[in-house]
Amino acid sequence: MNKPTKTASLIFLFFSCLSYGQQKFTLSGTVSEASSNETLIGVTMVIPELSTGVTTNEYGFFSLTLPEGEYQIQVSYLGFQDIVLTISLTENLKVNFQMHEAAEELEEVVVTENVEKLDIRKPQMSVNSLSVETIKKIPVILGEADVIKAILLLPGVTSAGEGASGFNVRGGAVDQNLILLDEAIIFNSSHLFGFFSVFNPDAIKDIKLYKGGIPARYGGRVSSVLDIFQKEGNSKELKVNGGIGVVASRLLVEGPIIKDKAAFLVGGRGSYAHLFLPLFDVDNSAYFFDLNTKLNYNINDKNSIFLSGYFGRDVFSISESFVNTYGNTVGNFRWNYLFSDKLFSNLSLIYSDYYYGLKLDFVGFNWNSGIQNFNVKYDLKHYISDKLQINYGLNNIYYRFNPGKIEPSNAESGIVEEQLIQKYANEFAAYIDVEHDITDNLSLGYGLRFSSFIRLGQDELNVYENNDPVFFDPFTLVYREAEPTSTINPGRKGSLATFSNLEPRISAAYTIGGNSSIKASYTRLAQYLHLLSNTSSPTPLDVWTPSGPFVEPQLLDQYALGYFRNMKNGDYSFETEVFYKDIKNRIDYIDGANLIANNSIEQVILNGKARAYGLELLLRKNEGNFQGWLAYTLSKSEQQTPGRVPTFDNGRSNLESGINFGEWYNTPYDKTHDISLFGSYELNKKWTFNTTFVYQTGQPTNYPVGQFEFQGLTIPYYGLRNKERLPDYHRIDLSATLTPRKNADRKWKTEWVFSIYNLYNRRNAASINFRRNQDTGVNEAVRTSIFGIVPAVTYNFKF
């Protein structure tokens with residue numbers, strides 16, 4: 001592999017004809033942190049004389065092809081000292097930059113060019129990045145820094161409320177988010193049913209959330225991509241950091257295996273509040289633990305390998321008679337190979353597993369379910385010139401779905417072992433993505449992704465009359481499960497269904513006056529997996545199912561238009577976007593659907609469609625002692641499940657009513673107004689104060705609209721779906737970070753974080769239930785709240 005592939009060479013020759021005839025040379029290399037050799041993602045490299053530049057990729061690599069000459073290159077990255085270097089480019093040149101943290105005492109470098117302007121020119125839009133330092137400043141419940149809770153403060157991102165799993169983006173469902181940890185798919189991002197996320201902030205290097213204009217290298221979900229990369233490990237010296245909190249603690253160790261060439265990283269977290277419950281005669285228990293690992297080895301200038309992993313488990317038990325265990329396991333081997341100073345490649349072999357288990361001693365059985373996938377990715381990035389870059393690659397994922405296996409927990413239980421029908425699928429994709437600067441003012445990003453999904457054979461498959469697993473009763477206007485007419489055994493060798501889609505992506509940016517730009521994008525995405533959940537917030541028991549004979553893949557078309565502006569030399573920035581999303585084949589469920597241990601899930605599913613549209617505003621202050629942002633989203637998210645094609649019974653047409661009589665209805669995650677404010681003020685080297693304010697329109701729900709008496713019982717009945725709302729949600733959080741002054745003179749550095757969640761003790765409603773008062777006999781509404789005011793303290797250390 002010492003020469004580029006034939007395909008890569010042809011692409012290079014084709015696009016080379018677009019370049020100027022003047023002799024050009026390539027400046028390439030990597031950018032890393034001086035203290036650890038940790039490569040840095042998204043570092044800005046600017047050539048002011050040519051008003052051009054580039055950013056480093058996910059492995060810190062950059063390549064810039066320029067005409068022969070002498071140039072000043074400016075290297076800038078948030079939180080680090082800027083680098084200014086004059087180079088004479090008379091031949092291909094490789095330069096590796098090492099950046100020092102801004103807090104270090106170095107000679108100050110003054111950069112006159114605003115490096116933020118490059119982001120204004122780039123066509124990428126609808127993407128937000130957060131640094132780990134910012135995430136750690138944001139006050140959260142029980143004082144534990146949390147990635148998911150941090151992104152909820154961004155425009156267009158919400159959740160179902162306190163203690164809710166996952167997040168919703170631009171009116172999309174939780175299962176419509178692709179969550180990647182070192183390129184491995186994470187199927188459940190929450191610990192303790194949503195109180196914490198599975199991501200240890202100490203082990204994270206880079207976080208990006210794509211809400212629209214999603215590059216063609218991503219696919220498989222129709223709402224967003226949360227792409228998270230772990231640190232690689234310190235190859236210079238051994239470092240340890242950690243924290244002790246009210247309910248959980250963490251520890252991370254990293255250091256060299258071979259100095260400057262190979263490094264390791266091991267990080268662990270665990271909660272321990274359950275250890276104190278027996279003191280209060282409480283037999284119940286709830287805890288989590290997780291482990292992050294990584295090895296990297298820089299073989300030579302052209303080859304590097306990485307091995308990373310994650311293992312996490314949650315355990316919830318009630319008096320040992322009910323035990324719930326769930327969690328993620330992922331592993332990833334990656335090989336970076338540099339074909340030339342213009343062609344970078346990465347090969348990834350990935351394993352991902354999500355497990356869910358129940359132990360029910362009081363009924364005498366155990367339940368195990370989950371989803372596994374094996375993923376092979378090969379990605380290349382071709383730096384044709386300073387105006388043209390191409391990404392292309394292949395991706396293949398094999399899935400195994402285990403909807404559930406029941407086993408007797410003891411010989412006396414009388415339970416018969418049963419395995420629900422396992423499902424299998426294969427998803428293939430090929431893509432090409434181009435970043436193209438047409439003129440100094442106009443930049444384009446365009447690409448195409450081809451995806452193919454094969455639902456592989458299985459042991460049993462139901463057959464229904466008219467191929468319809470859902471029966472509509474025209475007299476009661478109610479959908480019911482249809483009875484199978486027979487069952488067939490397709491076997492594992494064949495396929496049950498095949499779906500193929502072309503997914504074009506295009507985005508454009510037009511710069512106005514150097515400090516502002518207008519951007520637009522169109523994105524088409526296909527999603528072949530569905531999370532079966534009829535709750536507003538997913539639970540670990542929810543089951544994933546693949547598209548197949550009765551479930552169509554979801555297809556998204558999203559349009560976005562935005563205005564972006566940097567003010568006062570980048571000290572302030574303003575972003576506003578409008579978006580419209582149209583989704584085909586969004587599933588919903590018949591009334592009273594049973595999704596747990598259902599071997600014929602197609603009997604309770606109806607295919608519909610969804611749409612979402614809205615306005616997002618984001619004002620940020622990026623520099624100075626006071627930093628933060630104000631985000632506002634005005635949006636609407638709706639779903640429609642109309643009646644299907646009329647059926648015929650004895651020659652009579654039965655026109656179906658659909659869900660909600662075929663009218664549009666609010667999705668469970670529709671939030672009309674969403675306001676988020678975050679502020680951080682560094683009073684001095686010792687004290688930093690942080691605050692957040694959150695306001696959201698109440699979550700859609702269903703309330704009884706009447707009642708009737710039946711055999712002495714009062715039975716409520718409900719109106720149209722998701723017609724009512726919970727009360728509006730709002731709260732204020734505060735935190736103060738104390739950094740002792742003696743830190744500057746010693747290796748052991750510490751800090752104390754004091755936080756208050758929900759400062760004014762707002763009892764936000766997680767749900768409202770209705771019941772009859774036992775004393776008065778009058779029906780009453782009962783609000784269930786999870787948290788009031790919660791103080792916390794955390795002790796952090798590093799050495």
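Strands β5 and β6 pair in the antiparallel sense over seven bridges. In this predicted model, one of the facing positions along that pairing is Tyr71, which stands opposite Ile87 in β6. The two strands form a hairpin with six residues between them, and within this hairpin Gly79 adopts a positive phi near 90°.

On another side of the arrangement, β5 (residues 69-76) also pairs with β2 (residues 44-47), again in the antiparallel sense, over three bridges. Thr44 stands opposite Ser76 in β5, and Val46 stands opposite Gln74 in β5.

These pairings belong to an open sheet of four strands, whose order is β3-β2-β5-β6 and whose pairing is antiparallel. Which strands stand at the edges of the sheet? They are β3 (52-55) and β6 (83-89); each has a single partner strand, so one side of each is left without a neighbour in the sheet. From one strand to the next, the twist averages 25°.

Attention may now turn to the nonpolar cores. The largest of them contains 45 residues, among which Ile151, Val157, Phe167, Phe199, Leu226, Ile228 and Trp629 touch the most other members. Several elements supply at least two residues each to this core: the helices α3 (132-137) and α4 (147-151), together with the strands β12 (177-181), β16 (204-210), β17 (224-230) and β41 (626-640). Which element gives the most? It is α4, with four residues.

Leaving aside residues up to four places away in sequence, Ile151 touches Leu130, Val157, Phe167 and Leu226. Of these partners, Val157, Phe167 and Leu226 are also listed among the members of the largest core that touch the most others.

The protein averages a pLDDT of 87, and 93% of the residues score at least 70. Where does the pLDDT stay under 50? One such stretch is residues 12-20, for which the model has 10 contacts beyond four places in sequence. Over residues 104-118 the pLDDT is likewise below 50, and this stretch has 30 contacts in the model beyond near neighbours in sequence.

Terms used. Residues numbered from 1 in each chain as written. Predicted model: local features only at pLDDT ≥ 70, side-chain atom pairs only at ≥ 80, totals over all residues. Heavy atoms only, no water. Core = buried A, V, L, I, M, F, W, Y, C linked by side-chain atoms within 4.5 Å. Buried < 20%, exposed > 50% of the residue type's maximum accessible area, 1.4 Å probe, protein only. Contact = heavy atoms within 4.5 Å. pLDDT = per-residue confidence, 0-100. Pairing = 2+ DSSP bridges. Axes fitted to C-alpha atoms, helices over the stretch in contact; angles between N-to-C directions.
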